[in-house]
Amino acid sequence: MCGRIAVGLPSDSMAKLFAALPANSLPAVPNYNICPTDPVHVVRMSGEGRALVGMRWGFIPTWYKAANAGPLLINARAETLADKPAFKSAARARRCIIPASGYYEWASASGVKLPWYYARRDSDPMALAGIWQEWESDDGPIATCAMVTIASNELTGRVHHRMPVILEREDWGKWLGEEGQGAARLMLPAEEDVLITHRVSRMINSNRSEGSELIDPWEGDEGA
């Protein structure tokens, strides 16, 4: 699964990169420790084209009576996306892109969780495939999203068996539904030369940690 991301790109730069109209209110950035249920930047289609908006990271199915009425759905498996009742409608009509500078994953060593950071080798922002849905709360609709994951490639599989679906620039329009059919064919592991990775400090294990040092390479002992 992907359970933590980092975003260092300013909102106006994201809007320019994705040619999207930014909402008036967007999540604060930079944020190098974005956790489930936090707000994230999302690129989705609107009546006026692409829009950059904020959404809750944690997809809430329409039948939930409360936000915590069932499992926290931060990831959606590509292999079952079109069939799972919670996701199949969004997979057809409400696909989105979640921009990120990188994401974290954890490996276990002698019972200790050791964090790794993944970023693009070319230093470009990641465009993570996602789906979204509005959930009706007592206070009005809440826009929610989940990241689509796939079986890991060789690089990421050394730490975890799943990875986010990372969209290349030429595929953004197809995933967003601007270019007809074929989005399902984009749900593949990244090519082996797309990502780089390094160990980071275990400070990221706390959802209260913050700062750009969270993505810096860890130079201490492997078990620390």
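**View 1. S123 sits in the loop between strand 9 (112-120) and strand 10 (126-137).** The model is predicted: local features need pLDDT of at least 70, side-chain atom pairs count only at pLDDT 80 or more, and totals for chains, interfaces and linings use all residues. Residues are numbered from 1 along each chain as its sequence is written, and side-chain values use heavy atoms, with hydrogens and water left out. Strands (E, at least two residues) are DSSP runs, numbered from the N terminus. S123 is not a glycine, yet its phi is positive, at about 70 degrees. Most residues other than glycine have a negative phi, and most peptide bonds are trans. S123 is exposed, with a relative accessible area of 66%. Buried means under 20% relative accessible area, exposed over 50%, and partly exposed in between (1.4 Å probe, protein chains only).

**View 2. T37 lies in the loop between strand 3 and strand 4.** T37 also has a positive phi, about 80 degrees, and is not a glycine. Its relative accessible area is 41%, so T37 counts as partly exposed.

**View 3. A cis peptide bond joins V29 and P30.** Omega is about 5 degrees. P30 belongs to the loop between strand 2 (21-22) and strand 3.

**View 4. Strand 1 (residues 5-7) and strand 3 run antiparallel.** They are joined by 2 bridges; two strands pair if DSSP finds at least two bridges between them. V7 stands opposite N31 in strand 3.

**View 5. Five strands form an open sheet in the order 3-1-8-9-13.** The pairing is antiparallel. Strand 3 (31-34) and strand 13 (195-199) are the edge strands, each pairing on one side only. Neighbouring strands of this sheet are turned by 30 degrees against each other on average, direction ignored. Axes are lines fitted to C-alpha atoms, and angles run from 0 to 180 degrees between N-to-C directions.

**View 6. A hairpin links strand 4 to strand 5 through 2 residues.** Strand 4 (residues 39-46) pairs with strand 5 (residues 49-57) in the antiparallel sense, over 8 bridges. M45 faces R50 of strand 5.

**View 7. R50, in strand 5, is buried.** Its relative accessibility is 18%. A polar atom of the R50 side chain lies 2.9 Å from the backbone oxygen of F18. Beyond its neighbours within four places in sequence, R50 is in contact (heavy atoms within 4.5 Å) with residues including F18, A19, A20, L21, W172, G173, L176 and E178.

Notes. Helix = DSSP H or I, 4+ residues; strand = E, 2+ residues; numbered from the N terminus. Polar contact = N/O pair within 3.5 Å; in protein donor to acceptor, adjacent residues only side chain to side chain.
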